[in-house]
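Colleague: I have a chain open on my screen and would like to walk through it with you. Shall we begin?

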Amino acid sequence: MPVTVQQLELADILTPVLDTGGTASEAVLFLHGNPGCGRDWSPLMEQVEPFARALAPDMPGFGRAAKPEDFDYTVAGYAAHIAALVDALGLEKVLDKPPKAAGVQKLGQNDDVAVKHRSSR
């Protein structure tokens, strides 16, 4: 199945998401670095597709995503955006593949940020 682009609106932010398709509640989530975009992961997503659903969003301020002036461009802001993406797609289990950029590594060290965001709903 080819990789397609979904246009999601998350908290009023247009967020293009590459998706290998399906409605599985489990997915591999590929997160790009700075600079970057979801398309950076296209070749690897095609390799993963036979085994699992794969997703790669353009994060706010990058690629074709919206670049709102009032977005919280911090680790906490991006964590909240990722949590909104996971919720919008009905995902229950996510394996994330972040790049080695320092800011995204911090996201992995601050998983409680996303958990707090999700549990506040």
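**Helix, strands and ring pairs**

Modeller: Happy to! In helix H2, Gly 77, Tyr 78, Ala 79, His 81, Ile 82, Ala 83, Ala 84, Leu 85 and Val 86 are buried, where buried means under 20% relative accessible area, exposed over 50% and partly exposed in between, with a 1.4 Å probe and protein chains only. Helices (H or I, at least four residues) and strands (E, at least two) are DSSP runs numbered from the N terminus. Keep in mind that this is a predicted model, with local features needing pLDDT of at least 70 and side-chain atom pairs pLDDT 80 or more, while totals for chains, interfaces and linings use all residues. Residues are numbered from 1 along each chain as its sequence is written, and side-chain values use heavy atoms, without hydrogens and water.

Colleague: How far apart are the end C-alpha atoms of H2?

Modeller: Helix H2 covers residues 75-88, which is 14 residues. The expected span is 1.5 Å times one less than the number of residues, so it should come to 20 Å. The model agrees, with the end C-alpha atoms apart by 20 Å.

Colleague: Which residue in E4 is the bridge partner of Asp 19?

Modeller: Two strands pair if DSSP finds at least two bridges between them. E2 and E4 run antiparallel and are joined by three bridges. In E4, the partner of Asp 19 is Leu 55.

Colleague: With which residue does Asp 19 form a salt bridge?

Modeller: A salt bridge needs a side-chain nitrogen of Lys or Arg within 4 Å of a carboxyl oxygen of Asp or Glu, and the count by this rule is one. The closest N and O atoms of the pair are 2.7 Å apart. Asp 19 sits in strand E2 (residues 13-19), and its partner, 34 residues apart from it, lies in the loop between helix H1 (42-48) and strand E4 (54-57). Both residues are buried, and the partner is Arg 53.

Colleague: Which residue pairs its ring with Phe 30?

Modeller: Rings of Phe, Tyr and Trp (its six-membered ring) pair if their centres lie within 6.5 Å, with planes under 30 degrees apart stacked, over 60 edge-to-face and the rest tilted. The whole structure has five such aromatic pairs. In this one the centres are 5.0 Å apart and the planes 40 degrees, a tilted arrangement. Phe 30 lies in strand E3 (residues 26-30), and its partner, in the loop between E3 and H1, is Trp 41.
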